[in-house]
Amino acid sequence: MSRHIRNIGFALALSTAALVALLILQALLLFRGHIARLGDIAPPGIEYLSICDDGRHALLLIREPMTEYRDRIRHTLAPFSTMPPPAPLSLPTAGLAPWRITGARQAPFAFVASKRGDLYSLDLRGNPAPPIHFGRHPLPYLKDLACTDDASLVVAANISISCWDRATARCLWSRDDCEIIRGMFVPNTYRFFAVLTTGQIAELDAHSGVTLREFPSHSACTTYLDISLDSQRLVAANPLGDCVVSVLAANEPLWSRQFPSNSFAPRFSPDGRILVAADVQRRPRVTLLCADSGDVLGELTGARAMILGLTISPHGAVYAWDVTGTVSVWDLASRALLFQFRPEQFK
Amino acid sequence: MKRNFLLMWLFIIGVSVHDGLLVLSHRMVMNEFELNPIGRWLLHSNGGDIWLLLAVKALGTLAASSILLWLYWLHPRLGWTVCAGVCLLQLTLLIFLYLPLSLVHPVDVLEKRLPANSPHFGGGTYNGISWLDVATQ
């Protein structure tokens, strides 16, 4: 017995020595840069921009700079009015620790999820009102938050999905058997589509959560999708820069394209004829592609650095945010740069 | 101790250490990209901090590698077989860690978050947002 204990003790000592030796070796040879940067200040970043209220308002989710490596990730909200002249909105969001946001395209509401999974609605109409808590997703750290254009339904998702009715603050359904990477409601409808972790795209019934159909995305490792306003076309993309546009009803691929950047975030224009995507060719730009053929129709220039994401208002204003924290806004029809701004976190 | 066993045993510890260092270097996005349910639970129960996950990972590695050694000393053939099995699992983990979905995304997110050349822009500050080049419309 004592021999076994002695052997186990010796094995433990040998294991510890091997672990420490391999740790030092790998830290020096493979992770030197990362280890050296452990104490660096992490810069702020714009995580998401959501358009609300028929393009009259928008909401920014900003990741705060982290001064110490032990700092937790913290976000703040920066709502603003897009009506000329554009101006920041004052909303009483004190005490709210946002993690994910989404905005209703046709209604003056935005939605915020906290780290713990608490769901809040923000009323963007005239008088500033505090956030209203209307539910809690069963699991923390949401991957995605989506809502219908009229702000009536909100879907929260990570390894489980829950759907909420804003007006009654009631959970309509939840599922634990379906993990999604990204989900969205088709504009002006209650049709909910999601990229599953299996790589398939699924349409879920918004009122019951039942899977109506599943179909392939025609792109490996799909993590992103957008559907045109007329529900005719679907674009699927992956972090490697592959982008495939297909006909939604028949699920037939129309064309595909490889982008040099992994953050090209393709979006359909409000009329569904143009696919707008961030691109880099000598300088950062937004490329306009024909949704039917993939032909290049033009570009939007004036972005100051690599674009991280973009979104389009119902009236065709293209919002793009870049690594410097600058938001650039173009008019899609005239292709003119309307305005640019930076939140104070980036000063 | 036979050389084959020693190499497999070191490989098991090496992959575990590598996984831990990846967690450390991608700590800002681990809450979003950790796929192991136990890992997720450890992250969540520690408020999103990675240190509990790393501690459990290190203790688990020490326990497993010690048991493998002890088993090998006790029954060399059985110890070798078990070690080969664990080694295969670690190889699978290593391959999985470098698959596009599990690694490319967090790395890219981190790269995207690096401050590029941060130019200084003018413009006034109003309610927490500094505006520049406003309204060329």
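A: Cys163(A) is buried, with a relative accessible area of 0%, where buried means under 20% relative accessible area, exposed over 50% and partly exposed in between, for a 1.4 Å probe and protein chains only. The model is predicted, and local features need pLDDT of at least 70, side-chain atom pairs count only at pLDDT 80 or more, and totals for chains, interfaces and linings use all residues, while side-chain values rest on heavy atoms without hydrogens or water. Residues are numbered from 1 along each chain as its sequence is written, and chains are lettered from A and ligands numbered from 1 in the order in which they are written.

Over all chains, the structure holds 0 disulfides, a disulfide being a pair of cysteine sulfur atoms within 2.5 Å. Cys163(A) accordingly belongs to no disulfide, and the nearest cysteine sulfur, that of Cys171(A), is 7.4 Å away. In chain B, the sulfur of Cys83(B) lies 6.3 Å from the closest cysteine sulfur, in Cys87(B), which is too far for a bond. Cys83(B) also counts as buried, at 0% relative accessibility.

From the N terminus on, the elements of chain B run α-α-α-α-α-α-β-β, and of its 137 residues, 45% count as buried.

Helix 3 (residues 37-45) of chain B packs with helix 4 (residues 51-74) of chain B at an angle of about 135°, and their axes are 8 Å apart; axes are lines fitted to C-alpha atoms over the stretch in contact, and angles run from 0 to 180 degrees between N-to-C directions. That makes helix 3 of chain B oblique to helix 4 of chain B, because angles under 35 degrees count as roughly parallel, over 145 as roughly antiparallel, 65 to 115 as roughly perpendicular and the rest as oblique. Where they meet, Gly39(B), Leu42(B), Leu43(B) and Ser45(B) of helix 3 of chain B touch Leu52(B), Leu53(B) and Val56(B) of helix 4 of chain B, contact meaning heavy atoms within 4.5 Å.

Note on methods. Helix = DSSP H or I, 4+ residues; strand = E, 2+ residues; numbered from the N terminus.
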